[in-house]
There are 2 protein chains.
Amino acid sequence: MCHTCQVTTKDISRPVCILGLGLIGGSLLRDLHAANHPVFGYNRSRSGAKSAVDEGFDVSADLEATLQRAASEDALIVLAVPMTAIDSLLDAILTHAPNNGFTDVVSVKTAVYDAVKARNMQHRYVGSHPMAGTANSGWGASMDGLFKRAVWVVTFDQLFDGTDINSTWISIWKDVVQMALAVGAEVVPSRVGPHDAAAARVSHLTHILAETLAIVGDNGGALSLSLAAGSYRDSTRVAGTDPALVRAMCESNADALVKALDEALTILHEARDSLAAEEPNIEQLADNGYRSRIRYEARSGQRRAKESVSPTITSSRPVLRLHPGTPNWEKQLIHAETLGARIEVF
Amino acid sequence: MCHTCQVTTKDISRPVCILGLGLIGGSLLRDLHAANHPVFGYNRSRSGAKSAVDEGFDVSADLEATLQRAASEDALIVLAVPMTAIDSLLDAILTHAPNNGFTDVVSVKTAVYDAVKARNMQHRYVGSHPMAGTANSGWGASMDGLFKRAVWVVTFDQLFDGTDINSTWISIWKDVVQMALAVGAEVVPSRVGPHDAAAARVSHLTHILAETLAIVGDNGGALSLSLAAGSYRDSTRVAGTDPALVRAMCESNADALVKALDEALTILHEARDSLAAEEPNIEQLADNGYRSRIRYEARSGQRRAKESVSPTITSSRPVLRLHPGTPNWEKQLIHAETLGARIEVF
């Protein structure tokens, strides 16, 4: 249940069908199942599917049968697979579930939307991205409550790109939002471009820097690895992510990531030159970095949480309430995107 | 108490006098006091000193009186201040505690040792560096048990640089080691140069990358900060460190840090070019970073801890036992430095 707006799975109007039961898909299956919402899933790996079935979940390793069932039950389909598997699943949906609404949870949104538009499926698609995870993957990494207080981005480009919008698309959009709220996430609306630019900065660049730090530390040999402490452990944590997943997200968001990386390189070269000077001085870097981190803590609610005695921790993101389909809602969504605001729907 | 070798504070032959009661000095005071070892301290900030006194600790804001007491009790003096305050404290020790053994806990070791040698104090000095901390500072940030399972580097350059070694120096060296073991740390011996090169890679570079990531994320504005999740939070954590402390450690280890940063820049430029190519491909970065992280996890014992049911978690660092002062101990120390091994003394 959403911790502030009381949304439950009763607010989702359709059963949910999840394709891919890794960390994200598996955790979503667990939460919806725990809330008694009708949910079933497909997993390519038979061993993963069997583990899920053994735990009492309604899961199959037969994609065609799962999609046919989704079609007959008018389920909302969730593509919970890496970018590299999106094309083949879209083709399967075209064939076996030709009318279902669907969403995805890939960490890049432009590339997915392009693949959707290439098949002319945008009238029944709503992009999404839960900003949650650990360095582990697969069904074994899935867990209860993964999305609690996580941001879940929901896209809305169709309102501005000439897609023929009707009440069906709006109801799919609403279901995706309600599903995210029902598992405890904070929904932030964004179009695919701004999402990808932001994700490049705060997620994909984090991976690139973590891999780099892991390598430079390791290059120092045994003494260096022995001396590594908490800061190195935390900053290299995501370098423990399956390299195939790191590649899938970074390579499919290359344009935005190159821009973020170029900004980082400019800052790093300035720091390098300041350190190599006769009187090393990194005042600017240390001061700016500190102020940026404090702003982030304020936004994420970490500062407030430290000082609060309330058992309910919410972020400090502003919140906007909107009613999908009313004349003003496009403007409200753009407003929320600009503010990085979370939304509630009524 | 050391969790594997049973060292207690009984093995420290002198009282301990701590100058500077911030995160490190304050936490050391707490642990030694809790173990009933005679310990007293000095803090420049009167409010910090008063807080410590109010909690029942033997603390003063009078440096001269504290050093005179250290002299009369033959205490081991611990300089627990940032690099920028080392020179003035060394001068005070020269004047008021002209015969005491002393150590420091600064995160760079060459700069401190140079300052020590410039005053011809190396025959009673043993450098050390506990690799422990949080992003917070000051007495208020000090805590019990901060050093448990942390690495605590102890230096030994005097055995190789022509310093006139006698039994007093060896007993100071042994006391520093026993003090670190008694508060639960793992002692890794290293000379100042190899320490600083390793610390540049795994600690100071971590700070530079964290500041940079914090700034690039912040540059993305409200949406970007709203979308930042766990990986960004953990990777920018140390950007929340007091900028003055970040400057003190990075600027005083500038030579080694520039080398580590140049390695990082080479890797980042390669990644940048791979991402900007027609077919973006960061296979090399993702694979190498993953393997490096796995090697780090193996070394730090994190992999083993995950798989173990034992309540005692130790690192996977090799352990060498040695007896200070025996003919072979210089070789054993170099051996331990090369392996990044922890030591126990007998």
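Domain bounds here come from an automatic or database domain assignment. For chain A, that assignment gives domain 1 (16–190 + 316–345) and domain 2 (196–281). This is a predicted model, in which local features need pLDDT of at least 70, side-chain atom pairs count only at pLDDT 80 or more, and totals for chains, interfaces and linings use all residues. Residues are numbered from 1 along each chain as its sequence is written.

**Between the domains of chain A**

The centres of domain 1 of chain A and domain 2 of chain A, taken over C-alpha atoms, are 30 Å apart. Domain 1 of chain A brings 11 residues to the contact and domain 2 of chain A brings 12 residues. Contact means heavy atoms within 4.5 Å.

**Between the chains**

Chain B puts 86 residues in contact with 86 residues of chain A.

The table sets out both interfaces. Buried area is the accessible area (1.4 Å probe) that two parts lose on being put together, summed over both. A salt bridge is a side-chain nitrogen of Lys or Arg within 4 Å of a carboxyl oxygen of Asp or Glu.

| Interface | Buried area | Carbon and sulfur share | Salt bridges |
|---|---|---|---|
| domain 1 of chain A and domain 2 of chain A | about 890 Å² | 60% | 0 salt bridges |
| chain B and chain A | about 8,100 Å² | 68% | 8 salt bridges |

Asp262(A) forms a salt bridge with Arg272(B). Their closest N and O atoms are 2.7 Å apart. Several elements of chain B give two or more residues to the side that touches chain A, among them helix H7 (192–219) and helix H11 (254–276). Helices are DSSP runs (H or I, at least four residues), numbered from the N terminus. H7(B) gives the most to that side, with 18 residues.

Conventions
Chains are lettered from A and ligands numbered from 1 in the order in which they are written. Side-chain values use heavy atoms; hydrogens and water are left out.
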